[in-house]
Amino acid sequence: MMRPMKLGGEQIMFGQGCLEHLKTLSGKKACIVTGGNSMERSGILKKSESFLREAGMDVSVFTGVESDPTFQTVQRGATWMLKEKPDWIVGLGGGSAMDAAKAMWIFYEHPELKTMEDIMPPNEFPVLRKKAFLCCIPSTAGTASEVSRSIVISDNETGMKHGLGNMEMMPDVAICDPEVTVTLPAKITAETGMDAITHDLEALVSNRANSLSDILALGSFEMLVHNLPQVYEDLNNIRLREEVLKGAMIAGLAFTNVSLGIIHSMAHTIGGHFNIAHGLADAIILPYIIKYNRQSDYAVKKYKLAEDRLDGEPIENIIERMNAHMSIPDSFQSLIAEDDYMSALDELVAEAQIDGCTKTSPVIPDALGFKDLFIQIYYGE
Ligand SMILES: [Zn+2]
């Protein structure tokens with residue numbers, strides 16, 4: 001039986017200038033959670049603060065969420081929130097800042113919970129919104145954390161990335177304003193955009209896909225293929241930024257409902273071991289797994305739906321061309337030392353096998369199959 005579909009929280013806003021929607025939120029105290037200083041430099045942080053003040057709220061800011069947020073940062077943020085007592089939490093930034101805001105929210109609502117394990121299965125996920133609502137404002141067009149039920153939090157000690165999904169974490173308000181993404185450098189624009197395309201293509205062939213998620217994934221894929229290579233050349237073009245940001249958000253609506261596949265399982269484990277940006281890992285792995293999945297008639301049929309939207313060219317060719325255009329390498333050889341990679345192979349395989357995304361892949365490799373794939377994506381065979 002199908003699972004219920006949930007398309008965002010209470011409100012999804014998109015389009016130039018929609019950051020102003022912050023003025024309409026009602027509450028007493030907002031805590032903004034953000035990453036490095038890019039939001040400060042671009043003036044977006046200041047703008048967000050003043051819109052929230054116009055809404056009649058006091059505002060405090062937590063800065064310095066690292067690019068792979070750790071549980072220690074989450075704890076620090078939650079402790080800070082227990083003092084600040086916000087009724088709105090605003091995640092402003094890339095996937096990391098938004099994921100950290102979501103995780104801090106959980107431990108702020110439930111200070112009796114102490115570890116990531118406390119909120120992971122088989123433990124029950126806690127009820128939120130007794131203290132605060134969550135608003136997310138993405139500064140990258142990729143992870144779609146603003147409309148997703150998931151977070152990825154790293155553990156400093158083990159190097160493990162904990163992926164966790166529950167609809168309770170769906171942000172109440174998503175604000176997708178292209179002006180927030182306009183200062184994003186070319187390399188990050190390319191990598192996060194390819195992450196969004198991977199979300200589309202994995203949601204499309206997920207064994208949980210349905211008619212509605214297909215419409216979202218196909219529509220988003222078309223938008224991203226048409227606009228991502230262009231915005232890479234024309235970073236200040238607000239119209240292109242808007243299309244790519246919308247495309248990434250719509251990809252999020254699809255994948256958060258029907259999940260992903262082994263591209264993400266492999267990208268999670270490679271990212272965790274070798275500190276490779278998530279979107280970059282996805283982009284490199286994507287064409288290999290499209291080819292691998294072609295042993296499934298179901299996947300072939302679904303890929304054809306995407307190809308029919310364009311000019312019928314095999315989508316792996318389109319992806320390879322986009323990667324080359326945006327200077328994304330075609331294997332991991334140039335990014336990770338051979339000895340390090342090969343000596344981690346068994347761990348990579350074991351982690352990919354138990355990753356939450358593996359079970360919805362149209363073709364699920366066994367350990368040996370995974371090993372072959374990991375070797376293939378390293379040497380680029
Ligand atoms: Zn992703």
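1. Leaving aside neighbours within four places in sequence, I197 is in contact (heavy atoms within 4.5 Å) with F221, L224, V225, L228, L286, I319 and M322. The model is predicted: local features need pLDDT of at least 70 and side-chain atom pairs count only at pLDDT 80 or more, whereas totals for chains, interfaces and linings use all residues. Residues are numbered from 1 along each chain as its sequence is written, and side-chain values use heavy atoms, with hydrogens and water left out.

2. The largest nonpolar core has 75 residues, and the members that touch the most others are M194, I197, I270, F332, Y341 and F374. A nonpolar core is here a set of buried Ala, Val, Leu, Ile, Met, Phe, Trp, Tyr and Cys residues joined through side-chain atoms within 4.5 Å. Buried means under 20% relative accessible area, exposed over 50%, and partly exposed in between, with a 1.4 Å probe and protein chains only.

3. A281 lies in helix 10; helices (H or I, at least four residues) and strands (E, at least two) are DSSP runs numbered from the N terminus. A281 counts as buried because its relative accessibility is 0%. Not counting residues up to four places away in sequence, A281 touches A267, I276 and F332. Between A281 and A97 there are 20 Å in space, C-alpha to C-alpha, and 184 residues in sequence.

4. The structure holds 18 salt bridges, each defined as a side-chain nitrogen of Lys or Arg within 4 Å of a carboxyl oxygen of Asp or Glu. One of them joins D214 and K302, whose closest N and O atoms are 3.1 Å apart. This pair links distant parts of the chain, D214 in helix 7 (residues 211-233) and K302 in helix 11 (residues 297-309), 88 residues apart. Both D214 and K302 are buried.

5. A salt bridge also joins E242 and K246, with closest N and O atoms 4.0 Å apart. E242 and K246 both belong to helix 8 (residues 238-258) and are four residues apart, about one turn of the helix. K246 is classed as buried because its relative accessible area is 18%.

6. R294 and E307 meet through their side chains in a salt bridge of 2.8 Å, N to O. Here too distant parts of the chain are linked: R294 is in the loop between helix 10 (278-293) and helix 11, and E307 is in helix 11, 13 residues apart. R294 is partly exposed, at 25% relative accessible area, whereas E307 is buried, at 9%.
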